[in-house]
Amino acid sequence: MLEELKEEEIVNKVGGRFKLSTLIQKRLVQLNQGSRALVNVDTHDKMSIVLQEIMQDKIVLNMDNEVAMSADLDAAIALAEGPDLDMSDL
């Protein structure tokens with residue numbers, strides 16, 4: 001379980017050790033408050049669940065340092081970019 005934390009892949013995926021620890025802590029709070037796991041794993045160990053969610057790109061730390069689900073982040077990016085405009089629309 002904690003072997004994943006020794007790998008640089010998970011640190012690089014999140015953007016650094018501080019961001020990784022922040023993401024893990026915030027997601028553990030969510031799971032302890034009753035949020036459902038976003039991955040199917042054969043364990044009730046919440047730390048393992050969080051690590052798998054990170055490795056499977058299910059959760060990220062957004063610009064406000066809050067946990068965001070990958071689908072939510074994609075939607076937010078699309079909203080921020082705005083609609084696709086054609087030159088004929090101008």
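Author: Of the 90 residues in the protein chain, 26% are buried (under 20% relative accessible area with a 1.4 Å probe, protein chains only). This is a predicted model, where local features need pLDDT of at least 70, side-chain atom pairs count only at pLDDT 80 or more, and totals for chains, interfaces and linings use all residues. Numbering runs from 1 along each chain as its sequence is written, and side-chain values use heavy atoms, with hydrogens and water left out.

The chain holds 5 helices and 2 strands (DSSP runs, H or I of at least four residues and E of at least two, counted from the N terminus). Along the sequence they go α-α-α-α-β-β-α.

Now zoom in on helix 3 (residues 17-32) and helix 4 (residues 46-55): their axes come within 10 Å and cross at roughly 125°. So helix 3 is oblique to helix 4 (not under 35 degrees, not over 145 and not 65 to 115, on a scale from 0 to 180 between N-to-C directions of lines fitted to C-alpha atoms). The crossing is right-handed (the near helix is turned clockwise from the far one by less than a right angle).

Who touches whom? Helix 3 brings L20, L23, I24, R27, L28, L31 and N32, while helix 4 brings K46, M47, I49, V50, L51, E53 and I54 (contact means heavy atoms within 4.5 Å). Sorted by type, the residues of this contact are 10 nonpolar, 1 polar and 3 charged (Asp, Glu, Lys and Arg are charged; Ala, Val, Leu, Ile, Met, Phe, Trp, Tyr, Cys and Pro are nonpolar; the others are polar).

Note on methods. Buried < 20%, exposed > 50% of the residue type's maximum accessible area, 1.4 Å probe, protein only.
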